[in-house]
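Dear colleague,

Please read the notes with the coordinates open beside them.

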Number of protein chains: 2
Amino acid sequence: MNAPDTDSELRAAAAARQRATLAALRTALLAVLPPHCLLFDEEDTRPYECDGLTAYRQLPLAVALPENEAQVVAVLRACRELRVPIVPRGAGTGLSGGAMPVAEGIVLSTAKMNRIVAIDAQARTATVQPGVRNLAISEAAAGHRLYYAPDPSSQIACTIGGNIAENSGGVHCLKYGLTLHNVLRVRMATADGDIVELGSCGPDAAGLDLLAVFVGSEGMLGVVLEATVKLVPKPPQASVIMASFDSVVRGADPVADVISAGIIPAGLEMMDRTSARMVEPFVRAGYDTDAAAILLCESDGLPEEVEEEIARMSAVLARAGATAIAVSRDEAERLRFWSGRKNAFPAAGRISPDYYCMDGTIPRRRLAEVLTGIDALAVEYGLRCANVFHAGDGNLHPLILFDANAPGEFARAEKFGEAILALCVAAGGTITGEHGVGIEKLDSMCEQFTVEEIAAFIAVKRAFDPARQLNPDKAIPTLDRCAQYGRRKVDAGLFKFAHVPVARHA
Amino acid sequence: MNAPDTDSELRAAAAARQRATLAALRTALLAVLPPHCLLFDEEDTRPYECDGLTAYRQLPLAVALPENEAQVVAVLRACRELRVPIVPRGAGTGLSGGAMPVAEGIVLSTAKMNRIVAIDAQARTATVQPGVRNLAISEAAAGHRLYYAPDPSSQIACTIGGNIAENSGGVHCLKYGLTLHNVLRVRMATADGDIVELGSCGPDAAGLDLLAVFVGSEGMLGVVLEATVKLVPKPPQASVIMASFDSVVRGADPVADVISAGIIPAGLEMMDRTSARMVEPFVRAGYDTDAAAILLCESDGLPEEVEEEIARMSAVLARAGATAIAVSRDEAERLRFWSGRKNAFPAAGRISPDYYCMDGTIPRRRLAEVLTGIDALAVEYGLRCANVFHAGDGNLHPLILFDANAPGEFARAEKFGEAILALCVAAGGTITGEHGVGIEKLDSMCEQFTVEEIAAFIAVKRAFDPARQLNPDKAIPTLDRCAQYGRRKVDAGLFKFAHVPVARHA
């Protein structure tokens, strides 16, 4: 009869410790933030328990919503004193669980820092606070006929701070680059509350390129306080080709051909029949639902450039065996062609209770082969998979359809997803194109990288945040985890190289 | 009489220690490299005592020229055992002293690793060893009508490994990006001899973007073993405009105007009258030596695109008050127009015994103001200064003319150079656009960055190379040096943040 008593005593002691931490945290945060910038009650913190990867949830101890830089710094310092970890959060639209809270930590939301500081039309830059929404930048620049190019499908809601943390992509990134290529400068606060400027508005900066290492670091290295991003001129004309193919393989080949012909389309997307059929009844985009695959190829620029590029791309597609080719005749039709692509994920909800979106990349010329491999895996795992993705970037988004209420289906979907990523890595690709690693792909990181490479990541994380205050246990697996993943022997010497701390949560 | 004895005893002991180190080093290196890959004698090591910044010289203990990756790793491990620092070196064409040896260390030259591993015309990439010359990549790709875009003026001689270390630029980088934007993947060896792959051939890579932090890290983080770079199609047509202006200020304004008009020229260079007059008798490029400033604006692409862009740029230049505008009529004339620009630095040697080339960047729209400021500084320091530079990038190359044999002139030239860089920083620019920090601009780093920012650089350097084996005391000043530079108070707390080692050589 002793054991249960001891057990309940331990639980009581743990609960008492947690209450004490929470009380100290409440006092410390209320000393630096006004009450309307803090959430402690469960009904208030519940909306922050997950991001777009809803399968992973965790309530935080509290949510801080600072209104200015000084308050961010004060929160960071208060948490450092109390050794309370911090998960930074933009709009929470991420798809890899990067903004999922940790149980003993707080969420630091930048939602209230949503001011556009300056639009410089001559330098073609916008300087904004981290909580400004992606689309709000383009809206603010529209008067100068400029816009911010990277366009994640969540662009109405997602914030530039979150885009920087995840190095977000989008349809336009083939031509205009990822977030990394469109951010010139970031002011950020380190875990210690030091303010550091990364990058510059000049063509190059002296010193190490810490801006590049910061973009895509998933909230592990610092909190964005302000960013200066590039604006690009709105092209006067845009047209899109919709081409049908009678096999996925035949549709995949011209993707590399278009690029090899010296054309960088403004967008080059592929949908398979499953995707077209799931979206067409929903949005009536005019898709050929008999085709095995559809390619959408956009050109933008001066009217003559667009005309010439559309003609050249059409010729490449025809030579590759397209069974039908349609070119948008006006802006309304162009937007209609795109509406199906943009609504593919919501449409998946109409034909399947649940879906799981992957994000691997592969070299373009291996598209056909990897898509065939995914088909084979779908049979092996007994699950359907829709493919709708950034073909020009070689960035796949296999959408695994499953029913979470059917016993074992979620676990099978996860295994299927891991197998797809392993296939991408084997084809010379990577495990994430634009969604980040977050909590979701920690094991796949062990698939992608050698332990030497993981050790280098850990060493850089430690350089910025030795106490592991910021978003601990995301994005980079511990070397223990790599060893457990089992593919590779981890040399004990490496632990020394990377100054690996004993992971608190692993 | 005791002091000198003690002194000479100390010197003798130091010399004995050095002999012992050298003997141990010789044994260790001969155990891992064949004799023809090692230089120990002064007559052999002398050519390695400096790079293109010849004012700073230092003989190394030895020079290692490994022929393959295993030998590079073996040299790194042997030196780590003996605690002998290593300065990696490409062709030694750098202009900031980044490849200057350290007295107690060796030079690791990648000159013998000069194999082109693969040209993939479909993926448009070249995979090369670090000692491959910049121009050799384009030569190897020419059969596919592809080339490697970044074109430092030393491109005949400089190697891709050195380009990566310095994030080199060139005339074409305005349109095609710096080295950073043209390197997809690097395999490198860390100071410990671990082999790590950075970047990928996919559009994004999971994990921290260590490729970006590695490019431009000036040999401090690792040694390049192999790189995969982007190739771009050779444009079928190129033309260049030569426009004259009767004042530097009037010539500077249209630089921002051209870019604001939505044109990214293939090159946009400026020369002032001093530069035109020093180069014209030498190369007979047909320059207007009465003009206060000349702009060279190049367009490349399809013939119709070039025609349209040349017309639009000519209109902008005419509106800005150009006193003469000439467009190259054929390829021979285009090359002639460029020949003056490309030979400006050698030509400086004809009118001045010595010259010192600076490399600051500024926002384009502040060109006129900064050029006027440099004129004022030239008067203040009593030295002539020629300006010939990448105007479109805002990347200045003031060429300070001096005579090293005239007492005090070199010191005055150095001070003048520092003042120019301070002016660039004050205008919102940076202290180096493409030449790197090296040994030359350590003090200017303290001008450019806060101590918090320098501390972040040091922390990252330590993450890769805790023992400071690789190119110590280059590129990043110690915090002690920042404190001595005196502009800013260095908070003792930061030393802890950055885990700053006691500098061995500071």
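A salt bridge here is a side-chain nitrogen of Lys or Arg within 4 Å of a carboxyl oxygen of Asp or Glu. Please keep in mind that this is a predicted model; over all chains, the structure holds 51 such salt bridges.

In chain A, the side chains of A:Arg341 and A:Glu269 form one of them, with an N to O distance of 2.6 Å. This pair links distant parts of the chain, since A:Arg341 lies in helix α12 (residues 331-342) and A:Glu269 in strand β13 (residues 267-272), 72 residues apart. Both A:Arg341 and A:Glu269 are buried.

A salt bridge also joins the side chains of A:Arg329 and A:Glu333, again at 2.6 Å from N to O. Here A:Arg329 is exposed, because its relative accessible area is 71%, whereas A:Glu333 counts as buried, at 9% relative accessibility.

In chain B, B:Asp290 and B:Arg277 form a salt bridge whose closest N and O atoms are 3.9 Å apart. B:Asp290 sits in the loop between α10 (273-283) and β14 (293-301), and B:Arg277 in helix α10, 13 residues apart. B:Asp290 is exposed at a relative accessible area of 60%, while B:Arg277, at 45%, counts as partly exposed.

Salt bridges that share partners also join A:Glu69, A:Arg185, A:Arg187, A:Glu197 and A:Glu226 into one network.

Lastly, B:Glu104 is found in the loop between β3 (86-89) and β4 (106-109) of chain B, and its C-alpha atom is 9.1 Å from that of B:Leu59, 45 residues apart along the chain.

Best regards

Key. Residues numbered from 1 in each chain as written. Chains lettered and ligands numbered in written order. Predicted model: local features only at pLDDT ≥ 70, side-chain atom pairs only at ≥ 80, totals over all residues. Heavy atoms only, no water. Helix = DSSP H or I, 4+ residues; strand = E, 2+ residues; numbered from the N terminus. Buried < 20%, exposed > 50% of the residue type's maximum accessible area, 1.4 Å probe, protein only.
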